[in-house]
Amino acid sequence: MMDFRPYRSMLFMPASNARALDKARELPSDGVIFDLEDAVAPDAKADARKQAASALKAGGYGKRTRVVRINGLDTSWWREDLAAALEGQPDAILVPKVDDPSILSRIEEELAWLGGADKVALWSMIETPKAYLRLEELATVTDRQTTWVVGTNDLIKDLHASHTKDRMPVMTALSMALLVARAYGLTILDGVYGNFKDVDGFRTECVQAHEMGFDGKTLIHPSQVDAANEVFAPSGDDVALARRMIAAFEEAKQRGAGVAVLDGRMVEELHVVEARRQVAMAEAIAGMFPKGT
């Protein structure tokens, strides 16, 4: 079944910053990623775990998707990260630098040992050259995995490439990740845009990612939320057209026709599938933040 939960804006928040975790309850982001990895200094890891667990247990995040990014399996922190995260029962665990199927298998084993994680999904950071060369293996290792987050900054670093406005140095990797994610029914989110003060550059990258087919974008600053939400949401005109296409096709079916004509354009089943997806997504977005909440 297609997941119609919106992921337009997934905001990383350092779990070491209790004020940031509290502020996330009021931001219009579709989700919050409680970060125990890159955003947390080594001597703050223990306190970050406690604060993430406490914030999750306290709740108040509404319908936002709540994700905890743990430290990598090449560190001494990941097991304690998992245990602390499960105390708060997040929606998902985000695993960094997933470039071998054994990484997710090991996480699965640890979750089974800890217990109480039946409803917790796995998200994977796809951010190394090796990961992009093993995409199909990574996509099929476990049914618990639902989402990929592409890590373009790490990939560019490993490739010795340059950060460019059009992202051509990593376009092959982005396209391959999209192809495999769609082939295996995974949600896929674009990587972060590091310069949060570059409003125009951020919006340009959001538009590119949306046009490519990404479901949303990961963010590093609250100021990026509104633009991501706008770009990755179907527009009012798109939704209105989608509803008309569905109605025209249903009317044609009742007449025994396999196609409809709307505004001089042919409407076939494949067009209606996408139209229904857009309508369902618009309804899901409208349900994220009901008036008065």
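Reader: How do you know that strand S5 (residues 121–126) pairs with S6?

Author: Pairing takes at least two bridges between the strands. In this predicted model, five bridges join S5 to S6, and the two run parallel. So S5 and S6 clear the cut-off of at least two bridges and count as a pair. For a spot to look at, Leu122 has Gln145 in S6 as its bridge partner.

Reader: And what makes S6 and strand S7 (residues 187–190) a pair?

Author: Three bridges, in the parallel sense. With at least two needed, S6 and S7 pair as well. There, Thr147 stands opposite Thr187 in S7.

Reader: How do you know that the radius of gyration agrees with a compact globule?

Author: Set the two values side by side: a compact globule of 293 residues would come out near 19 Å, and the chain has 20 Å, so they agree. The C-alpha atoms fill a box of roughly 65 × 45 × 40 Å along the principal axes.

Reader: What share of the contacts with a separation of 6 or more comes from residues 24 or more positions apart?

Author: That share is 71%. A contact here means heavy atoms within 4.5 Å.

Reader: What makes up the secondary structure around those strands?

Author: The chain comes to 12 helices and 10 strands.

Terms used:
Residues are numbered from 1 along each chain as its sequence is written. This is a predicted model: local features need pLDDT of at least 70, side-chain atom pairs count only at pLDDT 80 or more; totals for chains, interfaces and linings use all residues. Side-chain values use heavy atoms; hydrogens and water are left out. Helices (H or I, at least four residues) and strands (E, at least two) are DSSP runs, numbered from the N terminus. The radius of gyration is taken over C-alpha atoms; the globule rule is 2.2 Å times the number of residues to the power 0.38.
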